[in-house]
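Hi everyone, thanks for coming. Have a look at the model on the screen, and I'll walk you through a few parts of it.

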Amino acid sequence: MFQEIIVNFVLPGVLVLILGFIIGWFASRKISQKNLKNTGKLAEKIIADAQREAETRKKELILEAKDEWYNAKLKFENETRESKKELDRRKSKLKEREENIDRKVDFLEKREFSIEEKKKNLDLKFQAISDKNEKLARIIERQNEQLEKIAGMSAAEARDQLINNLEDEAKHKAAKMIKEIKDEAERTANKISKKLITLSIERCAADHVTETTVSAVGLPNDEMKGRIIGREGRNIRSFENATGIDVIIDDTPEAVILSGFDPIRREIARLALEKLIKDGRIHPGRIEDVVEKTKDELMEEIRDIGERTYLDLNIHGLHPEIIKLLGRLQYRTSYGQNVLQHSKEVAYITGLLAGELGLDVSVAKRAGLLHDIGKAADHELEGTHAAIGADLAKKYRESELIVNAIEAHHEEVEAESLIAHLVSAADAISGARPGARRETIENYIKRLEKLERIADTFDGVEKAYAIQAGREVRILVNSKKISDDYSIQMVEDISRKIEEEMEYPGQIKVVVIRETRAIDYAK
């Protein structure tokens with residue numbers, strides 16, 4: 001029974017299990033082979049993709065390397081070309097210098113030869129003169145011997161007699177000359193006394209202020225220098241453009257330097273900078289507002305200076321514009337001499353001379369005070385300061401006598417009155433006294449004024465400032481009239497005109513600034 005159960009149930013089950021295992025093993029093997037085949041294809045695909053990507057990357061790297069090589073080659077060629085140009089320029093300069101040296105050597109050799117020839121000629125002439133002197137001495141000796149025989153006296157006796165005769169004649173002439181001198185002294189006593197008065201006035205040495213071309217502004221601390229400069233220098237550039245004055249910030253502790261040839265501009269810049277430092281708000285918009293306000297205040301101060309000047313001299317009836325021009329002279333120098341102090345000095349001296357001669361003292365003072373009034377506007381108008389001053393006097397209804405005295409004080413026209421001659425004399429006395437003038441400053445200022453005038457002649461120029469002691473001219477142009485392209489051409493045109501019309505040491509940098517601003521108001 002048990003065997004039947006094993007045969008009927010267990011053996012079939014074992015057979016089924018064995019058969020299932022075999023079938024499973026074959027199925028698993030077939031699946032594994034299929035998966036292995038798929039994995040191989042995938043690997044082949046990945047390898048192919050990697051090879052293609054590597055090839056592409058290789059090509060890109062090759063192209064990048066070629067670009068870098070080309071750029072490096074181009075840069076090298078440019079640098080080589082510039083170096084060659086510089087070398088050619090230096091060779092040209094050396095060649096020119098060698099030619100100059102050769103010419104100088106030739107000139108010196110010719111000159112040395114000429115000097116040797118002249119020396120030989122002089123030696124011959126000296127020898128000839130020496131021979132003639134010896135011959136002349138022998139002739140004179142023979143003549144003296146003959147004269148002694150004819151006169152019957154020796155040379156010593158003849159000399160004594162001649163001296164006695166000359167002594168008597170000299171005494172007679174001396175007495176006559178003394179009488180003539182005495183008579184002339186009596187006739188010219190009044191003239192001599194006036195001359196002595198004039199000489200005493202000439203010794204007048206009234207104080208005057210000599211303006212320089214720099215002003216120093218004190219700072220509360222050195223940190224303020226950074227605020228004045230501003231981010232990327234925008235504050236200092238805005239300040240220089242608004243004032244036309246160069247701001248120098250160096251190692252000087254707690255101070256900055258303002259440099260400019262125009263004393264009025266420099267004074268405006270100094271006062272404006274002091275206000276900005278005190279206020280603490282320093283930015284381009286604030287800078288422009290403070291500069292404009294300071295300019296208005298200084299113009300008022302100039303008018304007050306003019307009023308005090310003519311009141312101190314007891315002169316009345318001056319036109320208000322003449323008074324303003326007098327105030328401007330406080331900030332103008334001539335050959336290093338303050339023009340307002342010089343004009344007051346001329347007015348005093350002219351008044352003293354007029355009083356000695358019995359002329360109208362008030363008119364003389366008025367002419368002396370106004371004689372240099374043209375210097376307050378000679379940088380704005382064409383012509384000499386004497387002619388400009390005469391035109392201004394006519395414009396503001398001064399008398400013909402005053403106009404002629406102004407126009408004639410440098411002998412550009414003929415003087416028509418004695419007061420005009422006195423003004424000219426007083427001007428010479430004031431300017432000629434020791435220490436009154438320095439010509440170098442005047443020439444320097446004239447050069448900077450001419451530099452600005454040249455820039456102003458171009459259309460579209462709004463402002464022109466000479467800075468850096470005349471080594472740079474900064475020009476602000478109207479952005480509506482001048483384009484970016486034309487501003488480049490304008491720089492070249494201005495540079496050429498400066499080269500043609502001026503003489504100056506070194507070089508001058510020309511900067512044209514074209515600025516476009518957009519402004520709106522929040523309401």
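Let me start with a question about confidence: over which residues does pLDDT stay under 50? The stretch is residues 202-211. For that stretch the model has 25 contacts beyond four places in sequence. Please keep in mind that what you see is a predicted model. Across the chain, pLDDT averages 79, and 80% of the residues score at least 70.

Now the overall picture. The chain holds 15 helices and 8 strands. It has 523 residues, and 31% of them count as buried. If you take the contacts with a separation of 6 or more, 63% of them come from residues 24 or more positions apart. The accessible surface of the chain is about 35,700 Å², and carbon and sulfur atoms make up 55% of that.

Let's move on to helix H7, residues 284-312.

Which residues of H7 are buried? Among them are Ile-287, Val-290, Val-291, Leu-298, Ile-302 and Ile-305. The buried list also includes Thr-294, Gly-306, Thr-309 and Tyr-310. And what covers these buried residues? The cover includes helix H5 (234-243) and helix H6 (263-279), along with helix H8 (320-328), helix H9 (339-357) and helix H10 (361-370). Follow the chain just past H7 and you reach Asn-314, which takes a positive phi of about 60°.

Next, a sheet. Here we have an open sheet of 3 strands in the order S1-S3-S2, with antiparallel pairing. Its edge strands are strand S1 (214-218) and strand S2 (246-248), each of which pairs on one side only. On average, neighbouring strands in this sheet are turned by 25° against each other, ignoring direction.

If you zoom in on S2 and strand S3 (residues 255-259), you'll find antiparallel pairing over 3 bridges. For Asp-246, the bridge partner in S3 is Ser-259.

One last stop, which brings back a helix from the H7 story. H6, part of the cover over the buried residues of H7, also lies across S1 and S3. Relative to S1, H6 runs at about 10°.

That's my tour, and I'm happy to take questions.

Terms used:
Residues are numbered from 1 along each chain as its sequence is written. This is a predicted model: local features need pLDDT of at least 70, side-chain atom pairs count only at pLDDT 80 or more; totals for chains, interfaces and linings use all residues. Side-chain values use heavy atoms; hydrogens and water are left out. Helices (H or I, at least four residues) and strands (E, at least two) are DSSP runs, numbered from the N terminus. The expected span of a helix is 1.5 Å times one less than its number of residues. Buried means under 20% relative accessible area, exposed over 50%, partly exposed in between (1.4 Å probe, protein chains only). Contact means heavy atoms within 4.5 Å. pLDDT is the predictor's confidence in each residue, from 0 to 100. Two strands pair if DSSP finds at least two bridges between them. Axes are lines fitted to C-alpha atoms, for helices over the stretch in contact, and angles run from 0 to 180 degrees between N-to-C directions. Accessible areas come from the Shrake-Rupley method with a 1.4 Å probe; for residues, only the protein chains shown count as cover.
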